[in-house]
Amino acid sequence: MSTDNAPTTDAPQADPLQQTETRLNRGWLIKMGIFFTVLVAFGFWGLYDATIAYPNRGLADAEYREKEYLEASQRAGLLLRASVENPRNELTTLRARERDIQSRATGGDATTSTLIAQAELARIQWLTSLGRVGRLDPRHTRFENPTERLQTLSAAWDTRTPPKPLSAFDIPSQWIFVVAGFGGGAWMLVLFTRVSSKKFRWAPETRTLTMPGGRAITPAQIAEVDKRKWDKFFVTLRLDETAGEPREVKLDLLRFSPLEAWILEMEKHSPNYVPPAEEPAETPAEEQSASA
């Protein structure tokens, strides 16, 4: 690729070839800042949903399911026995019989068996809702006065719209977003710390580039400047045998400024440098053809 199309990784400086030390590229810093902000915001969004929004919706759904359960128990004549002493075992037992319960609950006639099955089905839905917000314990399934509790819930939900039930994956999935957001933000902080600790140094008189580890590279040691990934802000210097090992040095031009200008200057003074061919001027005949 021609050096005329070289990527520009920072705002123009007075004379980058007279600078002696790299700094972090402003464009890369802005890009990092945007990604960091998005990731952290994503983490806080997931945290809010996992600890506030979804639990509140789940609690509202559990309360509505409790009202439905008490109403079904009242129709079946079981309201005074609506308390559940061991909700976990009860839910496991009911789920084992759920297909049979559903079959009996959908009966067309209002027999005692059908009404009891409907109450049991409502109990499954209530206990399931409690389990999804971590409330599946006797403190939340006992009723000192089920009749009074039903009246309270009926009055509370008389003008409210039932919430959308939580799925089993709603809250756990939000914690995945929390880990992804905050974990990605932490990784970017580590990356920024590592990159900011590195410095390339430049000797304008000899055009010598000193790497962060202390290795010095001169134009005379450059056998080839591989620009196949130049559009992605990467360049590979292939060095001759006098440079020692490793013989290939990959450089990131996006993170460090004015490293790009230094590499181009070193290339121009390397032994195998070939200046880009200039386009030939148009002949009069070509100019007339173009105008025609």
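A: Helices (H or I, at least four residues) and strands (E, at least two) are DSSP runs, numbered from the N terminus. Arg104 counts as partly exposed at 23% relative accessibility, whereas Glu120, at 14%, counts as buried. Buried means under 20% relative accessible area, exposed means over 50%, and partly exposed lies in between (1.4 Å probe, protein chains only).

Before going further, please keep in mind that this is a predicted model, in which local features need pLDDT of at least 70 and side-chain atom pairs count only at pLDDT 80 or more, while totals for chains, interfaces and linings use all residues. Residues are numbered from 1 along each chain as its sequence is written, and side-chain values use heavy atoms, with hydrogens and water left out.

Side chains of opposite charge can pair when their charged atoms come close. A search of the whole structure finds 21 salt bridges, and two further examples involve helix 1 (residues 26-75). In one of them, the side chains of Arg149 and Glu66 meet with N to O at 2.8 Å, and this pair joins helix 5 to helix 1 across 83 residues of the chain. Arg149 is partly exposed, with a relative accessible area of 29%, but Glu66 is buried at 7% relative accessibility.

In the other, Arg160 and Glu63 form a salt bridge at 3.5 Å, N to O. Here Arg160 sits in the loop between helix 5 (146-156) and helix 6 (170-196), while Glu63 belongs to helix 1, and the two are 97 residues apart. Both partners are partly exposed, Arg160 with a relative accessible area of 39% and Glu63 with 26% relative accessibility.

Salt bridges can also share partners, and in this way Glu224, Asp226, Arg228, Arg238 and Glu248 are joined into one network.

Key: Salt bridge = Lys/Arg side-chain N within 4 Å of Asp/Glu carboxyl O.
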